[in-house]
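Biologist: I have a structure open and want to learn how to read it. Can you walk me through it, feature by feature?

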Amino acid sequence: MNARIAVIDDEPHIRELLSLALGHHSYTVRCAADGAAGLQLVREWAPDLIVLDVMMPKASGIELLPMLRRITDAPVVMLSARGEVEDKVEGLAHGADDYLSKPFEISELIAHVEAKLRRPHLESRSVLEYEGLSVDLGEHVVERDGRRLDLSPLEYALLVTLLQRPRRVFTREELLDAVWSEADVGTGAVERYISYLRGKVDEGFDRPLIQTVRGAGYTLRA
């Protein structure tokens, strides 16, 4: 089965160019012209990789990343006319896997796409594991060192978000967006539920896994 690639870009000629080029390399391509359509496409089609433009009207690629990360682990290759190091760092820090500056050679994009698709297929994982802590996504079972943990739905969603990317530091705002979405709550809810989660995941174990990174946020780190 050919890999499926979603292209989210507001520029028609870029969408057309990438459709032709990626299609020529036997990928199946679908396009969306803005963030809302892109989210719907990813949610309904479950692509293997996403090519995402940074500078789009209404919602930028950077703003879209946390919402995409909430529904998929597919690699995200960002495209942007902004090629400064700070821009690349911002994209990667928000969950992108790769970053290409416009203009780019098609052969360069294809090489990046192929490299990302060769990596282990995280999106097919049914069990997330880190240092003895595991979540069976299919059965909704959480265990640490074989001990079953009983989590509330919000605690579970928070843990899955952290466990999808161990050692990555999530800001309170990122966790708020990933778990609570559009609910009318503040970052205090993140702090409160991190505390609940820490009590269930770390209490009784020698090594705490849920870490607070002062001035930055939270991470899962041994």
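Modeller: Start with one term. Two strands pair if DSSP finds at least two bridges between them. Keep in mind that this is a predicted model.

Biologist: Where can I see such a pair form a hairpin, and how many residues lie between strand 7 and strand 8?

Modeller: Strand 7 and strand 8 make a hairpin, with four residues between them. Strand 7 covers residues 133-136, and four bridges join it to strand 8. The two run antiparallel. Now look at the turn. His140 sits there with a positive phi of about 60 degrees.

Biologist: Where does Asp145 lie?

Modeller: Asp145 is in the loop between strand 8 (141-144) and strand 9 (147-149). These strands also form a hairpin, here with two residues between them. Their pairing is antiparallel, over three bridges. Glu143 has Arg148 in strand 9 as its bridge partner.

Biologist: Is Asp145 buried or exposed?

Modeller: The cut-off for exposed is over 50% relative accessible area. Asp145 has 56%, so it counts as exposed.

Biologist: Which loop holds Arg167, and what is its phi?

Modeller: Arg167 is in the loop between helix 6 (153-164) and helix 7 (172-180). Its phi is positive, about 75 degrees, although Arg167 is not a glycine.

Biologist: Next, peptide bonds. Which two residues does a cis peptide bond join?

Modeller: The general idea first: most peptide bonds are trans. Here a cis bond joins Lys102 and Pro103, with omega of about -5 degrees. Pro103 belongs to the loop between strand 5 (98-101) and helix 5 (106-118).

Biologist: Now Pro47. Is it buried or exposed?

Modeller: Buried means under 20% relative accessible area. Pro47 has 4% relative accessibility, so it counts as buried. Its place is the loop between helix 2 (35-45) and strand 3 (49-53).

Biologist: Which residues is Pro47 in contact with, leaving aside its neighbours within four places in sequence?

Modeller: Pro47 is in contact with Arg4, Ile5, Ala6, Val42 and Ala74. Take Ala74. It is 27 residues from Pro47 along the chain, yet their C-alpha atoms are separated by 7.0 Å.

Biologist: Let me zoom out. How many helices and strands are in the protein?

Modeller: Eight helices and 11 strands. The radius of gyration is 18 Å, close to the 17 Å that the globule rule gives for 222 residues, so the protein is as compact as a globular protein of that length. The C-alpha trace spans about 55 × 35 × 30 Å along its principal axes.

Biologist: What share of the residues is buried?

Modeller: Buried residues make up 45% of the 222. Now count contacts between residues at least 6 apart in sequence: 58% of them join residues at least 24 apart.

Biologist: And the surface: what share do carbon and sulfur atoms supply?

Modeller: The protein exposes about 11,300 Å², and carbon and sulfur atoms supply 49% of it.

Notes: Residues are numbered from 1 along each chain as its sequence is written. This is a predicted model: local features need pLDDT of at least 70, side-chain atom pairs count only at pLDDT 80 or more; totals for chains, interfaces and linings use all residues. Side-chain values use heavy atoms; hydrogens and water are left out. The radius of gyration is taken over C-alpha atoms; the globule rule is 2.2 Å times the number of residues to the power 0.38. Buried means under 20% relative accessible area, exposed over 50%, partly exposed in between (1.4 Å probe, protein chains only). Contact means heavy atoms within 4.5 Å. Accessible areas come from the Shrake-Rupley method with a 1.4 Å probe; for residues, only the protein chains shown count as cover.
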